[in-house]
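Subject: Handing over a structure

Hi,

Here is the structure I promised to pass on. Have a look at it, and then read my notes below.

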Amino acid sequence: MQCVACGRRSSYNRAVVDTVTESEVGVLCPECEHEQFGQMLENGDWTDEECVLCDRDGFYALPAWRAYVVEIDGKRISRSEYSMEPPSPALCDKHYGELTEQTAGPAESPVSPQP
Ligand SMILES: [Zn+2]
Ligand SMILES: [Zn+2]
């Protein structure tokens, strides 16, 4: 799975799930989460289904991945999964588009310093 924002193969952090088709479209890596949202996704209370950045409907949910260990035939196997419970933060199509647009540019483009 690649990060939907930077396109890098990422350690699992959050899944990006299309809430209409309930299919997983990618992941969001920790760097991009912090860059785009800071601590907001971790600390927010997402009981409604609106976009975290505006009040439009959320189309892409960002549930956190959780690692867990199962035992099968005496072997311990680590797996990870995401859960839509409790409610996950979501993005509308417009803000999801803004997040993923960054992949369109060259990967090594210089980052201009913030004023
Ligand atoms: Zn990323
Ligand atoms: Zn939005």
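In which sense do strand 1 and strand 3 pair, and over how many bridges? Strand 1 and strand 3 (residues 60-61) pair in the antiparallel sense, over two bridges. Strands here are DSSP E runs of at least two residues and helices are H or I runs of at least four, both numbered from the N terminus; two strands pair if DSSP finds at least two bridges between them. Val17 has Ala61 in strand 3 as its bridge partner.

Before going on, some ground rules. This is a predicted model, where local features need pLDDT of at least 70 and side-chain atom pairs count only at pLDDT 80 or more, while totals for chains, interfaces and linings use all residues. Residues are numbered from 1 along each chain as its sequence is written, with chains lettered from A and ligands numbered from 1 in the order in which they are written.

Now the overall layout. The protein chain has three helices and six strands, and along the sequence they follow the pattern β-β-α-α-β-β-β-β-α. Four of the strands make an open sheet in the order 2-1-3-6, with antiparallel pairing. Strand 2 and strand 6 (90-91) are at the edges with a single partner strand each, so one side of each has no neighbour in the sheet.

Strand 4 (residues 65-72) and strand 5 run antiparallel, joined by eight bridges. They form a hairpin with two residues between them, and Asp73 in the turn has a positive phi of about 50 degrees. Val70 stands opposite Ile77 in strand 5. Why does strand 5 (residues 75-82) lie largely in the open? Because the number buried among its eight residues is zero. (Buried means 20 or more other C-beta atoms within 10 Å of a residue's own, exposed means 12 or fewer, and partly exposed is in between; C-beta atoms are placed from the backbone.)

Of the 115 residues in the protein chain, 23% count as buried.

Val20 counts as exposed because it has 8 C-beta neighbours inside 10 Å.

Cheers
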